[in-house]
Amino acid sequence: MVTLKNINKSFGSVNVLQNLTLEITPGKIVAVLGPNGSGKTTMIKSILGMVLPDSGEIEVLGQKVKSEGTYRNKVNYLPQIARFPDNLKVKELIHMIQDIRNVKGNPEELITQLGIEKYLDKRLGNLSGGTRQKVNLVLTFMFDGELYVLDEPTAGLDPVSLIHLKEIIQVEKKKGKTLLITSHILPLVEEMADEIVFLLEGCIHFHGTMQQLREKTGESQLERAIAHLILNNND
Amino acid sequence: MKRYKVLFFVFQLLVCTTVHANVLDICSTCENKQIGKAISLANAHDTLLVQKGVYKEFALSIDKPLTLLGVGNPTIDAEGKGEIISVTSDSVNIIGFIIKNVGISHTRDLSAVHLYKVDYFNLIDNQLENVFFGFLIEKSHHGLISNNKVQGEGKKEFFSGNGIHLWHCSDVIVEKNHLSGLRDGIYFEFVDESKVRNNVSIGNIRYGLHFMFSNNDTYSNNRFENNGAGVAVMFSKFVNMNDNLFIKNWGPASYGLLLKEIYDSEIVNNRFQENTIGINIDGSSRIHYKNNDFIRNGWAVKVTGGCYTNKFEYNNFISNAFDVSYNSNLNDNLFINNYWSNYTGYDINKDSFGDIPFRPVNLFSYVVNQTPETIILLRSLFVDILNFSEKVSPAFTPDNLVDEAPLMKKIQW
Amino acid sequence: MIKILKYSFSDLMRSRWSYAYFLFYFLLGMGLLFLSNDLSKAIITLMNIVLVLTPLIGTVFGVMYFYSAREFTELLLAQPIKRKHIFLGQYLGISSSLSLSLILGLGIPFLIYGIGGSGQSVNFLLLLMAGVFLTFIFVALSVNITLRHENKIKGFGYAILTWLLLAVIYDGLFLIGLLMFNEYPLDSFTLLASVLNPIDLSRILILLKLDISALLGYTGAIFRNFFGTDYGMIVSLGVLCMWVIVPVGLLLRTAKKKDF
């Protein structure tokens, strides 16, 4: 599904990704964890072709990643910060993304589920952060893809929407889709993730299931297990 | 009416004062059918009454005192064959003709009417059309050239002559003439004690008025408009210029008025409007500039050098791109009590004079004087900033070129 | 690309900045035409304003738009379209919406005033053309700067500096150059220096068409000889086009290699 081989990337003198190798198997929910500046977003953006690695190879859905590959027809990305052109209406934006992808999506169900029908004719500049994040979710999940890349999907969501998000993710998983999620909300990760990838200073320090993590660290709670990983690294 | 009165008066004068005067009629059905023949038949002081019609004649030579009087504007058409009337006798009057189609020559100054060494002449109410030179008057004195219309069809300086051309004359009055399409509308060279007034000189190829080596003359109430170079007054003394209009002489090398080596003269009550340069002053001294309007010129006054004891007072400088440009020392020239539309000072004591001096030379005009190519930066933001900063704290512009007491309001006169 | 252009254009045309920009030119045009009643003078005043303002507004809007659209650009980058289409579309969207504000803002007052019959319409069109070119040029320059600087304050600073450089400092250096070398024949230098800067070039192209060109005297005659010919017109149009094409090319190259 997604393969990263010996990826190196530095911004100036900072090595953000160091010889990173990772294979993500299809049909799983994979959570990418790590402290700020550990390279999570850079890794995700390399998979999407937005960041171009200094060396190494990335393959997504059998295609080598260049900045302009067609594999992105099957990849749906949820950016971390939901900001859209201020003067477009919500429905225009939804229409625009379908127009750009040249694919008819299925936004209606999601719109009802997330309760944003009443905002469809509003301009995006007038929406609250939470509503914008809901629009963001619609844009991501309205297409039928193979890989979903979600960068901090819970940001700004109210508890009810959070439940809806979980449902949506489960539905996609049941369809056999692969989901790559970064999140700070550890309970969510604990609840949903099949696999965990732990990044620290541009290297993968752990890749495995929850169970394997517990075994490795001897901690039953994810929070503590992560703390354990970080502390071990510092020793 | 006025015109007829003048005519009548002249006519009466002629009839009453000449003892042996006869009147010869000339027309297509008269005994005398040709003007030329009639002239040779006439005795001195006769009057030739030329009736309406077209007379295809040229090289008419008048060598005795005669009056040629046109009735109903008869036309003398030379069909481009050469000079039309040549006068070599005193006391000749030519009144009321249409004289047209003088030929063009590059070796001779062909004219419609040529006077040589003649005194007491009157050239009145004639229309000169398609001429090379119009009135060419040499070494003649005591004359009146009035109410004529001279039209050339000149396109280039080489192929055109002057409208009213005076050389070595004195005591001549040139008035109420209309001159256009010529090389120079009015040309004065070595002409003294004469007056040029109420003429209109428009659209001539070179100068509206070209004036050289001529002293003690006055020109007033003339209108000089849209001439190739403007008006040039050069190498003369004691010239009075008042109530003239110098307008729309707008071209890369045009000016309203060029003064070159003029001394002891008065320039009063004139209006200089929309000229590239209002007055271009070169080596002229002891001139008094008063009550003139300078409106929307490129440069209102451009002083190029060697000028002394000139005084500019009570003039209006309104909306000129540059008010004054100076490329030499100020010397003892004085600018005082003028109105400057660019003046932004105040008048706290209400004496109608501004309390802070005005500097009419801005930095850019100073720079352009040093290096003419810099004019290409005209109207750029940098130049605006430059002028503004120079205005706030002058560093380059001549310190002493100031109007110490500028007028707060435009002067009416 | 057309799709991106379409959406960013329709987004921008509805922004209150576009309305403000339009309204500014509209009121300016109405005021100048109906208060001064002198078309030639109105065009000169407009020229002064347009030559300063279109580059400045192009620069500021270009920087503001691209910084504020950063996150949305990232969303677009994850879509299956080429990078150069995204940036070209956004660039054309902002340039054309600014140009439209300019054209409508000045054009409507002139149409109301009735420019059609007068001889000044060519000059007016030339002014609009210069304004449009300057908009496209300075938006392209500012987008280049935003792509090279993540730091907004820095990017904004550099963008303003670029404007300052071309609108003011260049002329200052030009002037100093002329004064320093005034012993030498300066015709070709003057011609070259003013053709190379798009603001100076636009100013001179317009000035030469107006009555005021008489003030340029001998230097003006040289310029008229040059710009009056087909060759001169082609060169100046070519230079203006290059000022658009080169920054846009650079922009696309930067965008292609950039990490987002």
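How many residue pairs are in polar contact between chain B and chain C? Three, with both residues at pLDDT 80 or more; a polar contact is a pair of N or O atoms within 3.5 Å, where, within protein, one must be able to donate a hydrogen and the other to accept it, and residues adjacent in sequence count only if both atoms are side-chain atoms.

This is a predicted model, in which local features need pLDDT of at least 70, side-chain atom pairs count only at pLDDT 80 or more, and totals for chains, interfaces and linings use all residues. Residues are numbered from 1 along each chain as its sequence is written, chains are lettered from A and ligands numbered from 1 in the order written, and side-chain values use heavy atoms, leaving out hydrogens and water.

Select helices H3 (363-370) and H4 (381-392) of chain B: each supplies at least two residues of the side touching chain C. About 2,400 Å² is buried between these chains, 74% of it from carbon and sulfur atoms (accessible area, 1.4 Å probe, lost on being put together, summed over both parts). Now pick B:Glu373, B:Ile376 and B:Arg379, which supply 30% of the area chain B buries here.

**Second stop: C and A**

Chain C and chain A bury about 2,900 Å², 56% of it on carbon and sulfur atoms. Select C:Tyr7, C:Arg14 and C:Phe72, which together give 23% of what chain C's side buries. Five salt bridges cross this interface. Zoom in on C:Arg14 and A:Glu92, a salt bridge whose closest N and O atoms are 3.1 Å apart.

Notes: Buried area is the accessible area (1.4 Å probe) that two parts lose on being put together, summed over both. Helices (H or I, at least four residues) and strands (E, at least two) are DSSP runs, numbered from the N terminus. A salt bridge is a side-chain nitrogen of Lys or Arg within 4 Å of a carboxyl oxygen of Asp or Glu.
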